[in-house]
Amino acid sequence: MKTAIKNILTLLSILTFSISFAQNIEGVVTTNENIPLEAANVVIKGTTFSTITDASGKFSINTQGRLPLTLLIQYTGYTTAEYNVSTLPATPLLVTLNEENKLVEVVVSSRRRIEKVQDVPIAVSVITGKQAEQTGAFNVNRIKELVPSVQLYSSNPRNTGINIRSLGSPFGLTNDGIDPGVGFYVDGVYYARPAATTLDFIDVEQIEVLRGPQGSLFGKNTTSGAFNITTRKPSFTSGADFEVSYGNYAFLQAKASVTGALGKKIAGRLSFSGTQRDGLIDNVATGRATNTLNNQGIRGQLLYTPSENTNIILAADITTQRPDGYAQVVAGVAPTQRAAYRQFDAIIKDLNYQLPSQNAFDRKIDHDTPWRSGQDMGGISLNIDTKIGSGTLTSTTAWRFWNWDPSNDRDFTGLQVLALSQNPTRQTQFTQEVRYAGQLSSKLSGVVGVFFIDQTSQTNGTEESGNAQWRFSQSSTSNLWKTPGLFEGYGIKTDARIRASSAAVFGQLDWAVTERLHVLPGLRYNFDKKDADYSRTTYGGLQTTDPALLALKKQVYSDQAFASNTDNTDFSGNLTVSFKATDKINAYGTFAKSYKPVGVNVAGLPTNSAGAPLLELAVIKPEEVNHYEVGVKTSPFKGSIFNVTFFNTDIKNFQTNVQAAELGVNRGYLANADKVRVRGVELDASFLVSQHLTINGAATYTDGTYVKFTNAPLPLEETGAAVAFKDVSGTNLPGASRWAGSLGGELSDNAKFFGNAGKVFVAVDSYARSEFSSSPSASKYLVVQGYALFNARLGFRASQGLSVQFWGRNLLNKDYYEQLLPAGGNTGQYAGVLGDQRTYGITLKYSL
């Protein structure tokens, strides 16, 4: 990868250019109070040409033949301003600089318009691209440490679930037959598969995390929230950023981005990101570390401006990930209700096997099946924005793909229980969204749109038993189980296919009853169709006609095939009332009726006592959501933001994931819980304590409960009980911590480094969450204990030139689990997804 990074950086570095002719640009630099700033630094971005202002704040700088260009105006203690100059101005530029320590309200585009986040009647958190870079949040998994309402669980990229307020994706292993409840958008393009959220961010401008249903503003219906990510766009002014990070465990990350004019009406941007790291878990069987990082991504954009009212952006990206697996470590053993000889400890004793360590945080495994988590993803999109009347018509057309090439050791041991567990998947999607947003009259504005998605997914899997399978599957004391070669090489070939299509019409109005009182109704009509085919065929093992031996083999794997075709339509909507009591207090209340579309099982079904699949589980009912929310956004004093949100979400036919005790049910199966409820409170705050100190924090209290779930799967310790299901009504939802929060602060001062004006800083960030259940049916063995993490960084940063940062993550080297999950077959052992231990390093960045 180092060679690839070097070659790409070399290519990027020669693309920076700009053309025009030389003349002088004049201007005046002042503060907000109209006080002239003497000795302010004025730089032509991407060059070493600069000047300073005089005692009257005036300056004059030669263009050096570089029109169009960007001027950077810098003054210690003030935010650097950028001015794009395409033609020589007829009058002097009037430049006003804002104090850098002033808390600036970010703007968002969540409602398809540019507005201050404090004015938006939606619970939304904003992470700027700079914040993400500075905190090392280069993917969604790290964003959750900044936005505690977000949860991401990933035992590998395919088995990734992203939740907001503990809702969104069924907790556990992924099933392609349902839609995620959290939308993930990059530059308006919807990413359908949760695995896409595991990619490294490439040249991100801003990340908006919207909480609560968002069916009337976004193309794809979402029941619990959305990520709205925007990347930096091409510029007609040349610029470039180069960044490289080094850390322990041979961590290396390189990023680069260049932009510039390719013609009078065409500009381009090319961005790259590459990350690699040695493994964090030692495999004593192979003698090398596993769970490495090896990610590369590249993104290119072309901007065409045929007129001042129209922008057209053609974008393409591709990401490849080749880590050495997502290995999990045995975290413990739960005694089940099976016979004594079927307990895990008794099984491995008979096989003369010992785990390499009894402590998961020794980070040692002896897995004999290689871990592989290769994935390729990418696509191409065309975005057209054109102003029509007092609004903007937007068309977003996109095609994307996701290829998944895995290998897993689902028994988590060095025994050949499962010799192979591989379910490669190929997924493609086409999306089209057209919407119009703008002012309809003096008191009425809104957005209306149509959306269509068609996606296909195909999995061709293999699962094969090894020489220890007989002992783990043994369900009687019959000596027939010991028949040599009975299960060795015995497995299933799986062909699972699904095609899902969805079309929608959506819209939302904003009626300004008065200047301060707004009423916002929204409506959505949706059509969803899913066609699924599943078949698996057994192969291998001892070839015999003995009916007793064949019966034993069928207890492990059996042929299964079924098809399910379903569709449904739905009306949903929301109503929000917003009242701006004062310029510093904005209150709102929302009711939303939302839904998640019908689902289908495409990973195998449990069987009845006769071995026939339970076909009634093939189709999963759609979720019906009633959501209530009240929020207040305030700025209690200068340089402060304090927001509070109360929410209650009731879901009928909640779609949940079940881990089956049958090996043939790969990745579990989907089921409906009768009713769940999630309610809680969220706080967001930022404070400017002094000229040099800022503090920000967020906290959430969440109460997630199964109100009624009478046919839940048995928890791990009750495997083998006389009943097949359990009533877990009144218990906690999986993945839901009662408390979660983040707190951070930064102390900074003005400084110069290699002649560049900037800030020297030291910052600390922390994240904590309380315990949560890691099983659809609460198990006392699958409870992840609460934990707290502390990160820190110090260094110097500048908007132009060289910045340097030293950083450390999990500084107290806290041992913690991100997830616990039972082994295939529910034989008692369960494994943990380990959080990273202490990491540290240095980041160098150079901006032109």
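Let's start at Ser501, which sits in strand β31 (residues 491-512); strands here are DSSP runs of E with at least two residues, helices are runs of H or I with at least four residues, and both are numbered from the N terminus. Ser501 touches Ile453, Asp454, Phe527, Asp528 and Lys529, leaving out residues up to four places away in sequence, where a contact means heavy atoms within 4.5 Å. Thr431 is 70 residues from Ser501 in sequence, and the two are 9.9 Å apart in space, C-alpha to C-alpha.

A word on what you're looking at: this is a predicted model, in which local features need pLDDT of at least 70 and side-chain atom pairs count only at pLDDT 80 or more, while totals for chains, interfaces and linings use all residues. Residues are numbered from 1 along each chain as its sequence is written, and side-chain values use heavy atoms, with hydrogens and water left out.

Now for the overall layout. The protein is divided into domain 1 (24-99), domain 2 (107-231) and domain 3 (279-291 + 309-847), with bounds that come from an automatic or database domain assignment. Taken over C-alpha atoms, the centres of domain 1 and domain 2 are separated by 37 Å.

Next, the space inside. The largest cavity holds about 760 Å³. A cavity, on a 1 Å grid over the protein atoms alone, is a set of points where a 1.4 Å probe fits but cannot get out, and its lining residues have an atom within 4 Å of a point. The grid points are joined across faces, edges and corners, and the volume is the space filled by probe spheres set on the points. This largest cavity is lined by 38 residues, and Asn141, Arg277, Tyr326, Glu818 and Asp836 are the ones nearest its centre. Two or more lining residues come from each of α3 (140-143), β11 (150-154), β22 (293-307), β47 (787-797) and β50 (829-834). Domain 2 (107-231) and domain 3 (279-291 + 309-847) each give at least three residues to the lining. By type, the lining has twelve nonpolar, 17 polar and nine charged residues; Ala, Val, Leu, Ile, Met, Phe, Trp, Tyr, Cys and Pro count as nonpolar, Asp, Glu, Lys and Arg as charged, and the others, Gly among them, as polar.

Helix α6 is worth a look too. In α6 (residues 547-556), Leu549, Leu552, Lys553 and Val556 are buried; buried means under 20% relative accessible area, exposed over 50%, and partly exposed in between, with a 1.4 Å probe and protein chains only. An α-helix has 3.6 residues a turn, so residues three or four places apart point the same way. The buried residues of α6 pack against β30 (444-465) and α5 (469-473), while the face turned away from that buried side carries the exposed Pro547 and Lys554.

Arg165 has a positive phi of about 60° although it is not a glycine. Arg165 belongs to the loop between β12 (160-164) and β13 (182-186), and is buried, with a relative accessible area of 3%. Ala250, also not a glycine, has a positive phi near 55°. Ala250 lies in the loop between β17 (239-247) and β18 (251-261) and is partly exposed, at 43% relative accessible area.

Back to the strands to finish. Phe272 lies in β19 (residues 266-277) and counts as buried at 4% relative accessibility. Asp376, in β26 (residues 372-388), touches Thr319, Thr320, Gln321, Arg322, Phe401, Trp402 and Asn403, not counting residues up to four places away in sequence. Tyr628, in β37 (residues 623-634), is partly exposed at 43% relative accessibility. Phe646 is 18 residues away from Tyr628 in sequence and 8.3 Å away in space, C-alpha to C-alpha. Asn653 is in β38 (residues 640-658) and counts as buried at 12% relative accessibility.

Terms used. On a 1 Å grid over the protein atoms alone, a cavity is a set of points where a 1.4 Å probe fits but cannot get out, and a pocket is an open set with protein on both sides within 12 Å along at least five of seven lines; lining residues have an atom within 4 Å of a point.
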